[in-house]
Amino acid sequence: MLTEAVESQSTAVFNALAGSVQVQVEPVGRWFEAFLKRRIRNVSASFQELEEEEELSEEEEDEELQLEEYPMLKTLDPKDWKNQDHYAVLGLAHLRYKATQKQIKAAHKAMVLKHHPDKRKAAGEQIVKGDNDYFTCITKAIEILSDPVKRRAFDSVDPTFNNAVPSKAEGKESFFEVFAPVFERNARWSTKKQIPNLGSMESSFEEVDNFYSFWYNFDSWREFSYLDEEEKEKAECRDERRWIEKQNRASRAQRKKEEMNRIRTLVDTAYSCDPRIKKFKEEEKARKELEKKARAEAKKKEQEEKERARLAEMEAARLAREKEEEEAKQAALLAKKEKEAQKKAIKKERQKLRTICKNCNYFVDTEAESVKMMEDVEKLCDRLELISLQNLNEVLGSGTKEQSRAAIEKQVHEVNAQLQREREAEVKAQQAARSLDQSSTGTGGGKGWSEDDVQLLIKVVNLFPAGTNARWEVIANYMNLHSSSGIKRTAKDVINKAKTLQKLDPHQKDEVNKKAFEKFKKEHAAVPSSVDNVVPSERFDGSSGDSNSAPWTTEEQKLLEQALKTYPVSTPERWDRIAATVPGRTKKDCMKRYKELVEMIKAKKAAQEQVAAKSKK
């Protein structure tokens, strides 16, 4: 170490100095603890000074610890130690769960020095023998509070803790003053140390949302094992111990459930009374209204744009249509002019042909030939086109008599051949149409089927469904009885025609049904002239309203059949009641339909009886 230089002297180094080297040193053990304390306090002190300071602070804490004397201590029953306030017994009622282990030990030490039976006996006090002395309560208190698990169990059922939840009326009057201390009081049960505050009216949405999210997902360490009614250590056997454990678990779970319901009720009440929530909802509602208004305006603007585009498109289409119409009009006018010019030219060429032939006596010598040639010339005038007429007139004007006659005869031969081809084509078309008509209507045993017979066959096939005994014989017999054509049909004829109808495509079937309905409508709409002045009878009284000519639907048929069963013949005003149960149908319609059904059933029975009689023979 260099000596300190005098003021009048100077210091000099005569040997070379080594280069400086940086070495990193880390404190460990007690020195590391002292290092952290120096860094936290931002002071420079040695390890010994920090230890002396810590010992001095502990002594000061012991001196500052003031115990509150529990006035009911001497009256406590040691046998009822579980219902005592352990903090009050040790004089720590003012600190309770905030008391440290050092403070608890110090309080116990002070209570032992003061209330130990030996101390009191030495002072001349009468001591109760055994465990019946109140000093046993002090022993139980230190036993509970010195054990972290037992202390937590006792703190969970702290008798001084206020479990009350404010009402909505209290919360609405002064929300923050009422709920802030309640949440602060219940925060002691949280397993998490970072607990958000209730905040104020100026708190942001994120802060409020974080607060309620924390409390809605609150994780409490509070448990109720201290309130177990039975102690499993007192059980005499394993089965009894298991039973006690089961009972204790059930009671703890029930109390835990009630505790969580209490917390949830507290949070729900606070949420419903929180003025900030109402403010946020109003702001959210206003924001949504603005967004809705903006969307409506945007939609309106878009619709206006579409409307303008549509109008512009319509205007462009109108102009294009007018232009097309004008062009079509001009084209039609031009075509008309061309057609008229062509007609004039054809008329002129025809007149020229007639004049040439007339002047040349139709290029023949006899009167009979002249008449025949005149007919051929008229035929040429009617059949030949303009170009053919012009060519023929040129040949007639420049050729000799024989050449002209040969040219006319050639044209006449070509025209006759064309007419013959047209007639043959027309005959073929008629034959094809007749064959098509025959194939569409079908034949049965060489007997033609009219439209009335086809409609009657369709009706009878539906009237006698599959499963009817001798079905096709019955259908043929029915048609022979009711057909207007008078042609007798056999079962084979009916089967062949039914198969032909099944092969028709749906469009042809629809056409057949349409014709049938039109015929039905025509027949039922027609009123005979012979009964115009006849007074209606009581059975078909016209006072029930105009009749409905539409076909009866399946639903209307079911309603009519049900009404006929409901109202028998003896019912007064029977048909008025029946008509009232069938919507859209009058009394006259119902009576007419009933008559048709009766006639149909009678015809059906007659056809079946006739077939049965034939089969017996």
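Me: Where is S485 placed?
Reply: This is a predicted model. S485 sits in the loop between helix 17 (471-482) and helix 18 (491-502).

Me: Is S485 buried, partly exposed or exposed, and why?
Reply: Buried means under 20% relative accessible area, exposed means over 50%, and partly exposed lies in between. S485 has 34%, so S485 is partly exposed.

Me: What separation do the C-alpha atoms of S485 and D453 have?
Reply: They are separated by 7.6 Å, with the two residues 32 apart along the chain.

Me: Now the rings. How many aromatic pairs does a search of the whole structure find?
Reply: The search gives 19. One of them joins W189 and W221. Planes over 60 degrees apart count as edge-to-face. Here the angle is 65°, with 5.2 Å centre to centre, and the pair is edge-to-face.

Me: Which parts of the chain does that pair link?
Reply: Distant ones, 32 residues apart. W189 is in the loop between helix 9 (175-186) and helix 10, while W221 is in the loop between helix 10 and helix 11.

Me: Why does W189 count as buried? And W221?
Reply: W189 has 0% relative accessibility, so W189 counts as buried. W221 is buried too, because its relative accessible area is 16%.

Me: Which residues do ring pairs link into a cluster?
Reply: Among them are F175, F176, F179, F183, F211 and Y271.

Me: Last, charge. Which residues form the negative surface patch?
Reply: E229, E230, E231, E233, E236 and E240. Take E236, in the loop between helix 10 (205-216) and helix 11 (238-273). E236 counts as exposed because its relative accessibility is 75%.

Key: Residues are numbered from 1 along each chain as its sequence is written. This is a predicted model: local features need pLDDT of at least 70, side-chain atom pairs count only at pLDDT 80 or more; totals for chains, interfaces and linings use all residues. Side-chain values use heavy atoms; hydrogens and water are left out. Patches are made of residues with over 30% relative accessible area and no salt bridge: like charges are joined within 9 Å, nonpolar side chains (Val, Leu, Ile, Met, Phe, Trp, Tyr) within 5 Å. Accessible areas come from the Shrake-Rupley method with a 1.4 Å probe; for residues, only the protein chains shown count as cover. A salt bridge is a side-chain nitrogen of Lys or Arg within 4 Å of a carboxyl oxygen of Asp or Glu. Lys and Arg count as positive and Asp and Glu as negative; His and the chain ends are not counted. The place of a charge is taken as NZ of Lys, CZ of Arg, CG of Asp or CD of Glu. Helices (H or I, at least four residues) and strands (E, at least two) are DSSP runs, numbered from the N terminus. Buried means under 20% relative accessible area, exposed over 50%, partly exposed in between (1.4 Å probe, protein chains only). Rings of Phe, Tyr and Trp (its six-membered ring) pair if their centres lie within 6.5 Å; planes under 30 degrees apart count as stacked, over 60 as edge-to-face and the rest as tilted.
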